[in-house]
Amino acid sequence: MSLQSFVDPPRFEEYSERFKEFFRMERDEDGVLLVEAHTLGGPVQLSVQNHRALGQMLKTVGADPDNEILILTGTGEEFMMGSDPEGFALEDADLEYWAYEYAYKDGRINVSALVNDLEIPTIGLMNGPGFHSEIVLMCDLTLAAEGATIFDLHYDIGSVPADGIHNAFQELLGVKRAAYALLTGEAITAEKALEWGMVNEVVPRDRLIPRAREIAAHILTQPRTVRRLTTQIVRRPWKQRVVDDLDGGFGIQMFGHLAKKRSVHGEAHIRSTVEYVREGRRNNFDTDPGR
């Protein structure tokens, strides 16, 4: 008998309860874990609290050997279109501390955990319009609901777009399209995202989770080891992209915040910035929705 015992892995019953303020979790008998991010039961409103919880959740899910596939999505008709009115009070109170502790550290963990800490296949679901779409775009497979819109708001709120969204856009769109999307906040429709290779399928919103379960059922037809090793093959480009660009990009973004000594994540500021997406316009500076 060994002199030591294995440390018990996380238990679904415990962590699904621990994370319930941020994520609804449901796991079936095959180990397919559905995680729906939410704020008070509705679409995610960005805050330092849920920003941190994402990485904590991904690491915990990855440490539970009973999880076989992760389906990750948002809640309601939007993915993420606003921020918690008090969710960035820490940024206003102490910009330097926030920039490292809650932005640089937590943000890097969020992206790297998605790519490096999950040995299981991941399916991201873009359930509606929203920013910080890298969380579903960097899953192994990504489905989008009809009417979903992918865009980045960072440049328009006065922030360098380099906290993971640049990784996703540059990898999936290429240099020129990514540059345009990052500099102009281009609102990319679900259909255009499919054409450009950002997502794998576009389906009606009410079919999004059922379709993900159908794909998961197919993935489960092969043995556990084959599934997990295949995941490491298909994820290698993301791992290289993260190694090459994530830390440096995040550092540049945080330098930009500290250099101008001004917070940018106020609820009213973000709400007004993303209004063009709700109006169906391509960019903030274009008045013609069909341009």
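Q: Which residues lie nearest the centre of the largest cavity, and how many line it?
A: Leu46, Asn50, Leu54, Met80 and Ile135 lie nearest the centre, out of 22 lining residues. On a 1 Å grid over the protein atoms alone, a cavity is a set of points where a 1.4 Å probe fits but cannot get out, and lining residues have an atom within 4 Å of a point. This is a predicted model, in which local features need pLDDT of at least 70 and side-chain atom pairs count only at pLDDT 80 or more, while totals for chains, interfaces and linings use all residues. Residues are numbered from 1 along each chain as its sequence is written, and side-chain values use heavy atoms, with hydrogens and water left out.

Q: How much space lies in the largest cavity?
A: A volume is the space filled by probe spheres set on the grid points, which are joined across faces, edges and corners. Here that gives about 290 Å³ for the largest cavity. Searching the whole structure turns up two cavities of 30 Å³ or more.

Q: Which helices and strands each supply at least two residues of that lining?
A: Helices (H or I, at least four residues) and strands (E, at least two) are DSSP runs, numbered from the N terminus. For the largest cavity, they are strand 3 (44–46), helix 2 (48–63), strand 4 (69–73), helix 4 and helix 5 (134–137).

Q: What is the lining of the largest cavity made of, by class?
A: Ala, Val, Leu, Ile, Met, Phe, Trp, Tyr, Cys and Pro count as nonpolar, Asp, Glu, Lys and Arg as charged, and the others, Gly among them, as polar. On that scheme the lining has 13 nonpolar, seven polar and two charged residues.

Q: What about the second largest cavity: which residues lie nearest its centre?
A: They are His51, Trp98, Ala103, Asp163 and His265, from a lining of 16 residues. This cavity holds about 140 Å³ of space. Helix 11 gives the largest share of its lining, four residues. By class, the lining splits into eight nonpolar, seven polar and one charged.

Q: Trp98 is in that list; which residues does tryptophan 98 touch?
A: Contact means heavy atoms within 4.5 Å. Leaving out residues up to four places away in sequence, tryptophan 98 touches Val48, Phe88, Leu90, Glu91, Ala103, Met254, His257 and His265.

Q: How many residues are in the largest nonpolar core?
A: A nonpolar core is a set of buried Ala, Val, Leu, Ile, Met, Phe, Trp, Tyr and Cys residues joined through side-chain atoms within 4.5 Å. Buried means under 20% relative accessible area, exposed over 50%, and partly exposed in between (1.4 Å probe, protein chains only). The largest core has 71 residues, and Trp98 is among those with the most contacts inside it. Helix 4 (residues 95–116) gives the most to this core, with nine residues. A second, separate core has 14 residues, including Ile69 and Ala212.

Q: Is glycine 251 buried, exposed or partly exposed?
A: Glycine 251 counts as partly exposed because its relative accessibility is 31%. Its place is in helix 11 (residues 236–260).

Q: How do I read strand 2: which strands does it pair with?
A: Two strands pair if DSSP finds at least two bridges between them. Strand 1 (residues 23–27) and strand 2 are antiparallel over five bridges, and five bridges also join strand 2 to strand 4, in parallel. Within strand 2 (residues 32–37), six of six residues are buried.

Note on methods
1 Å grid on protein atoms, 1.4 Å probe; cavity = no way out; pocket = protein on both sides within 12 Å on 5 of 7 lines; lining within 4 Å.
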